Amino acid sequence: MNPPAILFVCLGNICRSPTAEAVFRRYSQQAGLSCIIDSAGTGAWHIGEPPDIRSVDYGTQRGYDFSGQAARKVIKSDFSRFDYILAMDSRNLSDLRDLCPPGYSGHLSRFLDFAPKAAAQDVPDPYYGGADGFQTVIGLIEMASSGLIHHLQRSHPD
Ligand code: 4NP
């Protein structure tokens, strides 16, 4: 079976989805799961930029690696390339549904659907807020990453 291809999506692709990419990359390596992992934004403001320094600082403190990431926008061919397209919040999901071609047979949902015990369904946008917002983002993303690992271990056994 091909390794599952997973795309994390937020608005700017500089805070939440790059964090999800970095966290999930480490979780999948630790679980010995081979995956294709990428992230993108529904907005175009930050195309080509590295992740927000605040996300990188908090993420690096927890041992995650953000190297090589640059923001990009979601494109139509993502729907044929990725088995899982996981939105950080309901607005991102609604924007993705608008972009989604009718034949898409992959899995399109909010990332926190994989964290049913989390206190939230959306990973809140931390961009205009303070430090605690970035810590909340990492905590929620870690919960959902664990849930997604368990889901993939059941649905994509080696
Ligand atoms: P993200 O956060 O969607 O988690 O990357 C944002 C980054 C930039 C903007 C909004 C949200 N912005 O409006 O520029």
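Which backbone atom lies 3.0 Å from an oxygen atom of the ligand? An N or O atom of Ile 14 does. This is a predicted model; local features need pLDDT of at least 70, side-chain atom pairs count only at pLDDT 80 or more, and totals for chains, interfaces and linings use all residues. Residues are numbered from 1 along each chain as its sequence is written, and side-chain values use heavy atoms, without hydrogens and water.

| Protein atom | Distance to a ligand oxygen |
|---|---|
| Ile 14, backbone N or O | 3.0 Å |
| Arg 16, polar side-chain atom | 2.8 Å |
| Asp 125, side-chain N or O | 3.4 Å |

On its own, the ligand has 350 Å² of accessible area (Shrake-Rupley, 1.4 Å probe), and the protein covers 94% of it.

The shell (heavy atom within 4 Å of the ligand) includes Cys 10, His 46 and Tyr 128. Six of its residues are nonpolar, three polar and two charged.

Elsewhere, the whole structure holds five aromatic pairs (ring centres within 6.5 Å; planes under 30 degrees apart are stacked, over 60 edge-to-face, the rest tilted). Phe 79 and Tyr 104 pair edge-to-face, 5.4 Å between centres and 85 degrees between planes. They are 25 residues apart: Phe 79 is in helix 3, and Tyr 104 is in the loop between helix 4 and strand 4. Helices (H or I, at least four residues) and strands (E, at least two) are DSSP runs, numbered from the N terminus.

Conventions. A polar contact is a pair of N or O atoms within 3.5 Å; within protein, one must be able to donate a hydrogen and the other to accept it, and residues adjacent in sequence count only if both atoms are side-chain atoms. Ala, Val, Leu, Ile, Met, Phe, Trp, Tyr, Cys and Pro count as nonpolar, Asp, Glu, Lys and Arg as charged, and the others, Gly among them, as polar. Rings of Phe, Tyr and Trp (its six-membered ring) pair if their centres lie within 6.5 Å; planes under 30 degrees apart count as stacked, over 60 as edge-to-face and the rest as tilted.
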